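Subject: Structure for you to look through

Dear colleague,

I am handing over the structure we spoke about, and I would be glad if you opened it beside this message and followed along.

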Amino acid sequence: MLKRETKDYINIDPLQTGGKLTKEAKEALLEWGDGYSICDFCQGRLDEIKKPPIHDFIHQTLPEFLGCDVARVTNGARESKFIVMHSLSLKKPNAYVILDGNAHYSSYVAAERANLKVAEVPNTGYPDFKIEAEKYAEVIEETKKKGEIVLSLLTYPDGNYGNLADAKKVAKICHEYDIPLLLNGAYAVGRMPVKMEKVGADFIVGSGHKSMAASGPIGVLGMKEDYAEIVLRKSEKYKNKEVELLGCTARGATIMTLIASFPHVRDRVEKWDEEVKKARWFASKMEELGIMQLGDKPHNHDLMFFHAENLYEISKRAKKGRFFLYRELKAKKIHGIKAGLTRYFKLSTYLVPKEDLRYVLDAFSEIIKKYS
Ligand SMILES: *Cc1c(COP(=O)(O)O)cnc(C)c1O
C-alpha cells in the first residue's frame, strides 16, 4: 500500500484545499478507475457520451455554471489556456498575448508553446501587488506597435496574492481594441460565484483538481459561440474529432469525479461569503501575531499571501535554518506551507473548519514564542 503521510493533517496548501474529493467523487473514483472506463458507450466523441451522462454535463450543466455559450472539459487549466492561445495564434507569426503581471507560470509556458510573444501588465508592487485595469490600455497601445495582439488574459484571482482585479473593466478595455479576453479562473471556478458573461470575457478557464473537488488532472473551458468555430475546429481526416482537443481529453475517472462532485460544488459556491469572512478573520489574527497579509485588503479570497519578518529573523538563528517552520508545522500535523519558506508564504483557508484554523493560529503563536 502506498501511504500518504499528510493525509490526516490540517491542510492549508492553496493547491489542495479546493480539490479534496467529496464522498460521491471517491465512490466514482473506485467505480470508474479502470482505464478508458467511460468509453463503453462512446460513439466517437467524449462530449456526446449519454451514458454515463457526460453529454448533459458538458452541453448543459457546464455552460450554465460557467455562464458561457459552449464548454468543454480538458486535461487542466493550462491545457485550456493552450488550446485557446494555439487556436488564435494560427498563421500569425508575430503575434502577442497580453498577460497580467501576476499570471501563473503555465500561462507563460502555454504562450511559449503556442509561439506567442508575451507582453505583461505590471502589478503595483509591494504591498498590494494589484493589477489595475487601466494599465491594460497602456500595454495594449505599446504592444500594438510591435505586432498583432490575439488575446488578453487576466488571472482571476492570481495564484500568489489571491487578488481579484476589476475583470469587467479589463474586458471592456480589451474589447475597445477588439481583443478577446480569457479569464483564468483556476482559483475561482468551483470556489466563488463567477460567470463569463457577467464579466464580459470571451473565454473562461477552470481547474477541476484545484477548485472543483475532482481528482484530475481535469480542466474546464468555456467560450463565446463566436470562437467555437476556430477553437473547436474539426480534423480534416477525422471529421468528428476536435483538433485542439486531440480528439479526446479527460477519458476516464477524472471526468467522473468532476461530475460526481458537481452538485456539491454548485452549492458551495453559494456559501462564498462565509469563506471570505473566515479568510479575513484569519488574516486579522495572523496580523496580531506580527505576520502581515499582503495583496487586496480587506481580502476577497481564501488564498492569502503573508509577510512574516519575525519568522524570517528566527530562521537566521534557528538550528534547522529556514526549514525550521516547515518542521515545526509538520510536528503539529499542519501541511501546506512550502518547505524552506519563512519570510513570504501563501496559504488557503478554503473549507478549513474554523477550529482547525484556530489550531493553526495557536501553532504559529507557539512557534514564535518558543524561539523568542
Ligand atoms: C493552478 C493554476 C493553474 C494550473 O492549473 P492546472 O489545472 O493544474 O493546469 C493555472 N493558473 C493558475 C492561476 C493556477 O493557480
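Below is what was found, taken one part at a time.

Please keep in mind throughout that this is a predicted model.

I would begin with strand E2, which spans residues 70-74 and is mostly covered, since five of its five residues are buried. In a regular strand the side chains alternate between the two faces of the sheet. In E2 both faces are covered, with Val70, Arg72 and Thr74 buried on one side and Ala71 and Val73 buried on the other. E2 runs antiparallel to strand E8, which covers residues 219-223, and five bridges join the two; as one place to look, valine 70 has methionine 223 of E8 as its bridge partner.

The structure holds one cavity of 30 Å³ or more, and the largest cavity has a volume of about 70 Å³. Arg72 and Val73 are among the residues that line the largest cavity, together with others including Arg45, Asp47, Ile58, Glu242 and Cys248.

With best wishes

Conventions:
Residues are numbered from 1 along each chain as its sequence is written. This is a predicted model: local features need pLDDT of at least 70, side-chain atom pairs count only at pLDDT 80 or more; totals for chains, interfaces and linings use all residues. Side-chain values use heavy atoms; hydrogens and water are left out. Buried means under 20% relative accessible area, exposed over 50%, partly exposed in between (1.4 Å probe, protein chains only). Helices (H or I, at least four residues) and strands (E, at least two) are DSSP runs, numbered from the N terminus. Two strands pair if DSSP finds at least two bridges between them. On a 1 Å grid over the protein atoms alone, a cavity is a set of points where a 1.4 Å probe fits but cannot get out, and a pocket is an open set with protein on both sides within 12 Å along at least five of seven lines; lining residues have an atom within 4 Å of a point. Grid points are joined across faces, edges and corners, and a volume is the space filled by probe spheres set on the points.
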